[in-house]
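Here is a short briefing on a predicted model. Keep the sequence and the coordinates open while you read.

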Amino acid sequence: MDAIILQILNGLDKGSAYALIALGLTLIFGTLGVVNFAHGALFMIGAFCAVTLQRLLSLSHEVVDETRTDFLGNPLKVEVPYLQDWLGAETAAAVISWSVPLAILFSIPIMIVVGVAMERGLIKHFYKRPHADQILVTFGLAIVLQEVIKYYFGANPIPTPAPEAFTGSFDFGALIGMDPYTIIYPYWRLVYFAFAMIIIAGVFAFLQFTTFGMVVRAGMADRETVGLLGINIDKRFTIMFAIAACVAGLAGVMYAPINAPNYHMGMDFLVLSFVVVVVGGMGSLPGAVAAGFLLGILESFASMAAVIDILPGINQIIIYLVAIIILLTRPRGLMGRKGVMEE
Amino acid sequence: MLGLGKKDFSLLMLVLVLTMLAPFILNPFPEGSGMAQFNAGYPDLMQRFVIFGIFAIGFNILFGLTGYLSFGHAAFLGVGSYAAIWMMKLVSLNVIPAMIMGVIFAGLFALVVGFISLRRSGIYFSILTLAFAQMSYALAYSVLTPITGGETGLQLKSTDNPILSNLAEGEIGRASLFGLDMRASIELEMGNWLFTLNMGYYVAAFVMLIAFYIAIRIFRSPFGVMLRAVKSNQNRMNYTGLNPRPYTLAAFVISGMYAGLAGGLMVAMDTQVGPERMFWTASGEVVLMTILGGVGTLIGPVLGAGLIKYMENIISKINSDILHTWFAFLPDGLEDLVVTLIYPFIGKGWHLTLGIVFMLVVIFLPGGLVEGGQRIARLFGKRRKSEDGSSAGKTTPAE
Amino acid sequence: MSKSKFTRRGLLKTGALGGAGLAMPTIFTGAVWADAHSGFTNAPQGDTVTLGFNVPQTGPYADEGADELRAYELAVEHLNGGGDGGMIPTFSSQTLDGTGILGKRVEYVTGDTQTKSDAARASARSMIEKDGAVMITGGSSSGVAVAVQALCQEAGIIFMAGLTHSNDTTGKDRKANGFRHFFNSYMSGAALAPVLANAYGTDRKAYHLTADYNWGYTTEEAITASTEAMGWETVNAVKTPLTQTDFSSYIAPVLQSGADVLVLNHYGGNMVNSLTNAVQFGLRDAQANGKNFEIVVPLYSRLMARGAGANVKGIFGSTNWHWSLTDAGSQAFVRSFGTKYGFPPSQAAHTCYVQTLLYADAVNRAGSFNPCAVAEALEGFEFDGLGNGPTLYRAEDHQCFKDVLVVKGKENPENEFDLLEIVEITPVDQVTYAPDHPQFGGAEASLGTCNPGA
C-alpha cells in the first residue's frame with residue numbers, strides 16, 4: 001500500500017513534466033497545425049534561463065588570496081560575486097540560492113521573445129507546407145538551438161540547486177499515520193507539482209473564460225470560418241505560440257533543480273512528450289494532461305523492483321507498450337478529435 | 001529497356017555510372033593537398049553512402065508513395081543486422097545468405113509491426129511505429145543482451161566457427177562473397193591522386209543498383225499507382241470498393257525489407273552490430289534523409305542520405321589544427337580570426353552545421369535537394385531549349 | 001594476391017612523388033589494410049607518423065571527449081619536443097627524446113565517436129583507410145571501446161583504449177591488438193570494499209541501482225562480490241534504463257527495503273541524476289537499521305561529478321587518477337596541462353595522455369611500428385613515473401595493473417575543481433586477479449593472435 005502511494009506521488013511528479021511539455025505541444029498542434037520538433041528545445045532553454053540567472057547573480061571579480069594556492073601552486077584567485085560586495089556575504093548567498101524561483105520572472109520575457117521570434121521568423125512560413133517540411137525545419141532548429149547552448153555551457157550537466165528552504169524532504173508517511181521513512185518526498189518536487197497544476201489551470205482558465213481564448217478555441221476548431229468572420233487569427237496564433245513557449249520554458253526552469261540541466265535534455269524529453277500528446281489525443285488539451293499523468297504514474301509503477309522481477313525489462317518499455325495498447329483500443333488516443341493529424 | 005521508360009532508364013544509367021565511378025568522383029582532390037580533407041572516396045564512407053541510400057529508397061517507397069510516416073524504421077535495419085551477423089557467426093561467412101536472412105527477418109518483423117500499426121493513420125501510425133522501435137532498442141540494449149550482445153553489440157570472434165566455413169582454430173572470420181574478401185581493394189595511383197576500388201563497395205553498389213531498379217519498377221507499376229491513391233485520398237478508394245490496407249501493408253513490408261537489406265549489408269561491410277542502430281534518432285535520420293533529398297522522388301533519398309553521411313564523416317573530422325594549416329597563408333591575426341569564426345561549425349560543431357543545412361534546404365528548396373537539381377537543370381534547360389526542346393529535366397525523377 | 005596500401009598514401013602525403021608519375025597510372029592490387037613492403041598496415045613512410053584520436057565530440061560525453069583531445073594534443077606536443085615535456089622526464093623508460101616516435105614527427109587526426117559503436121567504427125575506419133593512421137586511441141565508453149578494439153584487431157592496428165571501465169574490454173572481449181591502461185569494475189570493487197567495511201562496518205545491507213547494460217552488469221557483479229566477501233548483504237539489485245533521467249521512482253522505495261547502503265552503478269549523466277535524486281529524497285540524512293544511511297558511487301568522474309554539485313560530499317567511490325596526487329609524474333602532468341589550458345586534467349585526459357606515451361615508448365623500444373612488435377614491447381612491460389606508481393601491462397590480457405584510488409566527495413572544496421579527496425591508495429596486489437577470473441570471461445577468454453594486417 002505505502003509503496004503504491006509512493007509511486008503515485010512519484011508518478012504525479014514525472015507526469016507534471018510530461019503534461020506541461022505536452023500541453024504546449026498540443027497548443028501548437030491544435031492552433032497552428034504545426035509539428036514542432038523544437039518544443040523540447042524550448043524546455044531546455046527554460047532550464048538554461050535558470051542557469052543563466054544563477055550565473056548572472058554570481059558574476060564575480062577576482063581577488064588574489066596570497067595565503068592559499070591554486071592547483072598549480074600559484075596564489076589562489078578567489079572569485080567574489082559583485083553581489084557579495086553590495087549586499088554582504090550572507091544576503092548574497094541567500095539571493096543566489098533563490099536564482100531558480102527568480103528565474104521564473106526572468107524567463108517569461110525571454111521565452112516570449114523566443115516564441116514570437118520563432119513563430120514570426122520561421123514557423124509562420126510553414127503553416128501551409130507539408131508536415132514533413134515542418135518536421136525537418138523544426139528539427140533543424142532544435143539542433144541549432146541545442147548546439148548553441150552546448151557551445152556556451154558545455155555538454156556536462158550544470159547543478160542548479162533549489163533554494164535552501166526547499167531542499168530536503170518531508171515524511172509524508174508520518175503525516176498520514178504511517179511508520180517514519182515509509183513515504184519520503186522532496187519539498188521541491190511538491191513545489192513542482194503544485195506549480196504544474198497552477199500553470200495547467202491557468203492555461204485552461206485563459207482559454208475557457210477570456211474572449212481571446214474563445215477565439216483561439218474557435219480557431220482550433222475551424223480556422224477558415226474564424227478568418228472569414230474578419231478576426232485576425234494570425235496575430236492570436238503568434239500569441240498562442242508565445243504562451244506555449246512560456247509553458248515549456250517555465251516547466252524547464254522549475255525542472256532545473258530536479259535534474260541538473262544539460263544541452264540535450266530537450267531531445268531526451270521530446271520523443272516522450274510526442275508519445276504523451278498522441279496518447280492523449282491530437283488537439284485535446286485535457287487529453288494531453290491526462291496522458292502525461294497516466295504515463296508518469298505507470299512508468300513509476302513499472303520501476304518497482306517487485307514488478308521488474310516478474311517482467312524483466314518492463315521498466316524499459318512500459319510507456320511505449322501502454323501507448324500501443326491505448327492507440328489500438330482508442331483510435332484517437334484518450335480524447336482526440338476526429339480528423340486531426342490523421343492524414 | 002529493362003521494362004523502363006526512357007527517362008527512368010537514363011536515370012538508372014546515370015546512377016549506374018555514378019556508383020561505378022564513385023571512387024573517382026568522390027576523390028577529386030590530390031593527396032596531401034589541403035582539400036584532401038573533403039575527399040569521400042574511401043571504402044567505409046562509400047559503403048555507407050550506398051547502404052543508407054538503400055535504406056532511404058526503401059523508406060521512400062512507404063512514405064513517398066503512401067504518405068505513411070514511419071518513425072521506427074531503424075528497428076528493421078537493426079533486426080536485419082542482427083539476423084545477418086548471427087548467420088555469419090553460425091552458418092556461413094558468405095555475405096549473400098547473411099543479407100537474405102537480414103531481409104527475411106526484417107520483412108517478418110515489418111509484417112507484424114505493420115499489421116498492427118496500419119490500423120491507424122497519420123500521426124497515430126507514426127507513434128505506433130516509434131513505440132515498436134523504441135521497445136526493440138530498449139530490449140536489445142538490456143534484457144536481450146544474451147542475443148544482442150547489449151551495449152557492446154556483436155562482432156565476429158575467434159571462437160565463432162560457422163559450419164560452412166573452414167576457419168583455422170582461433171582465426172577470426174571475414175565477410176566474403178564466395179571467397180572474395182569484402183575488405184580487398186585495388187589501389188589506383190595516378191599522379192598525386194590515389195583511388196581505392198574496394199570489393200565491398202562494389203558489392204554494396206551492385207545491391208543498391210538492384211534495389212534502385214526494383215524501386216523504379218514499383219513506382220511505375222499499377223501497385224505504385226494504387227499506393228499513390230492511398231496518399232491522395234483514402235476515402236475515395238474506400239468508396240470505390242478498394243481496401244487500401246493490403247496495399248499499404250505490402251508497401252510497409254517491402255520498405256521494411258529494404259531496411260533489412262541495408263542492415264544486412266552493413267554487417268557484410270563491417271561485421272559489427274550495436275543496438276543504438278535502432279534508437280529513435282536513427283529512425284529520425286532516415287526521415288530527414290528522405291525529406292532532405294526530396295520526398296516521393298526516386299533519387300532524392302539517396303542524395304539526402306549522401307549529404308547527411310558526408311557531413312557526419314567529413315565535417316566532424318576537421319579540427320582546429322587543420323583549419324590553421326588551411327589559412328596559414330593569411331597574416332597571423334587574420335588567420336586566428338578566420339579560424340575562430342569557422343571553428344564552431346566544424347569538428348565537434350558538425351551537428352550545428354547539419355542543423356543549419358536542414359533549415360536552409362527546407363526553407364529555400366521546398367522539394368529538397370532534387371528541387372535544387374531541377375532548378376539547375378531548368379537553368380541549363382532554358383539555355384539549351386533553343387537547340388533541343390526535350391532535353392530539360394534529364395534527371396527529373398518521379399512526380 | 002600481392003599487397004599494397006597505405007604507405008603509398010603516406011608517401012604521397014610527403015610530396016615525394018610530385019608530379020612525376022602523372023601520366024602513368026600504377027596499379028596495385030591486394031587486401032586493404034595490408035602492406036607489401038613492411039608487412040603491416042599503414043606503415044609510416046616519410047618523416048611523419050599519423051595517430052588517430054577517436055573521442056566523443058558530440059552527445060552527453062562531449063566534454064569528457066574534449067578533455068581527452070586536449071590531453072592527446074598535449075602528448076603530441078611533448079612527443080615532438082614542444083612544451084615542458086610533461087611526464088616524459090618522469091617516465092621510467094627514457095626512450096622518448098622529443099623527436100617524435102622513432103625519429104618521425106607525430107601528426108594526428110581526430111574523429112567523433114558520438115558514443116555510438118557504429119559511429120565510432122566509421123570514424124576509426126576513415127582514420128585507417130583515408131588518413132593512414134597506425135594507431136587508434138580514445139573513447140569514453142566500454143561499448144565503443146569493445147567495438148573499436150575489434151575493428152583494430154581486424155585491421156591490424158594497435159588500439160590504445162581511452163576511458164573504458166567494463167571488465168569485458170580486457171575480459172571476454174580482450175584482443176591481441178588492444179591495450180587498456182584504465183582500471184576496471186573488478187578493481188573498483190576490490191579497492192572499495194575494504195574501505196567501505198572500514199568506514200561503514202561489515203554488517204551492512206546494500207541496495208544496488210544498476211544501469212541496464214554491460215558496464216552496469218560487470219560493475220554490479222564486481223561490487224556485490226567484493227562487498228559480500230566483507231560480510232555485507234545485498235538486499236536487492238534493480239536495473240535502470242540507460243535513457244532514464246528521473247530516478248525518483250527507483251530511489252523512493254530504497255528506504256523501505258531494509259537496506260542501509262545504496263550503491264549507484266551509474267556513470268556520467270545517469271550518475272549525476274541518480275545521485276542528485278537520492279540526496280533530494282533525503283537518503284543522506286536518513287537512518288536505517290539504526291545506522292546512518294550511506295550512498296556509494298563505484299566509479300567517479302570528476303567532470304560529471306561537478307554536475308551533481310554539493311551532492312557528492314562525503315560519498316565514496318573509486319577513480320583511476322586524480323590531479324591532486326603528489327608524485328612527480330602527476331605533478332608534472334598537472335603543471336603542463338594546467339598551464340596550457342587553465343584547469344587541471346580529468347582522469348580521462350590522464351589515461352589518454354599516458355596511453356599515447358606508452359605507445360610511443362613501445363614503438364621506440366621495439367624499433368618498429370609493426371603492431372606485433374609494439375604489442376610484444378607492451379606485454380609484460382613494467383614502468384613507473386606516469387602518475388599511478390609502479391605499473392605492469394600484463395601480457396595475458398593487456399590490462400594495466402596499478403594502485404587504485406579510493407576517493408570521497410570533499411566536504412569543503414577549495415575551488416571548483418577540488419571535488420574529490422583521496423581516501424586511500426589501494427595497493428596493486430589487492431586489486432590483482434587471475435587472467436582467467438570468471439568475471440573476465442573465465443578460461444575461454446583469449447587474446448587471439450596479434451594481427452599486423454598483412
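A:F139 counts as buried because 26 C-beta neighbours lie inside 10 Å. The cut-offs for burial are 20 or more other C-beta atoms within 10 Å for buried, 12 or fewer for exposed, and partly exposed in between, with C-beta atoms placed from the backbone. This is a predicted model, in which local features need pLDDT of at least 70 and side-chain atom pairs count only at pLDDT 80 or more, while totals for chains, interfaces and linings use all residues. Residues are numbered from 1 along each chain as its sequence is written, and chains are lettered from A and ligands numbered from 1 in the order in which they are written.

**Around A:F139**
- A:F139 sits in helix 6 (residues 131–153) of chain A. Helices (H or I, at least four residues) and strands (E, at least two) are DSSP runs, numbered from the N terminus.
- Leaving out residues up to four places away in sequence, A:F139 touches A:F37, B:L288 and B:F358. Contact means C-beta atoms, placed from the backbone, within 7 Å.
- A:D2 is 137 residues from A:F139 in sequence and 43 Å away in space, C-alpha to C-alpha.

**Chain A against chain B**
- Here 32 residues of chain A meet 35 residues of chain B.
- On the chain A side, helix 6, helix 12 (265–280) and helix 15 (314–329) each give two or more residues.
- Helix 6 of chain A gives the most to this side, with 12 residues.
- The chain A side has 24 nonpolar, three polar and five charged residues. The classes are: Ala, Val, Leu, Ile, Met, Phe, Trp, Tyr, Cys and Pro nonpolar; Asp, Glu, Lys and Arg charged; the others, Gly among them, polar.

**Chain B against chain C**
- Chain B brings 46 residues to this contact and chain C brings 55 residues.
- Elements of chain B giving two or more residues are helix 2 (43–66), helix 5 (122–141), strand 4 (184–190), strand 5 (193–198) and helix 15 (350–364).
- Strand 4 of chain B gives the most to the chain B side, with seven residues.
- The chain B side splits into 12 nonpolar, 21 polar and 13 charged residues.

**Chain B as a whole**
- Chain B holds 16 helices and six strands.
- Its 399 residues are 56% buried.
- Along the principal axes, the C-alpha atoms of chain B fill a box of roughly 75 × 70 × 40 Å.
- Of the contacts in chain B with a separation of 6 or more, 72% join residues 24 or more positions apart.

**Nonpolar core**
- The largest nonpolar core has 382 residues, and B:I54 and B:F55 have the most contacts inside it. Such a core is a set of buried Ala, Val, Leu, Ile, Met, Phe, Trp, Tyr and Cys residues joined through C-beta atoms within 7 Å.
- B:I54 is in contact with B:V207, B:M208, B:A211, B:Y258, B:L261, B:A262 and B:L265, leaving aside neighbours within four places in sequence.

**Sheet in chain C**
- Three strands of chain C form an open sheet in the order 14-15-16, with antiparallel pairing. Strands pair if DSSP finds at least two bridges between them.
- Strand 14 (381–383) and strand 16 (400–401) of chain C are the edges, each pairing on one side only.
- Strand 14 and strand 15 (residues 391–393) of chain C are joined by three bridges.
- C:F381 stands opposite C:Y393, which lies in strand 15 of chain C.

Methods: Contact = placed C-beta atoms within 7 Å.
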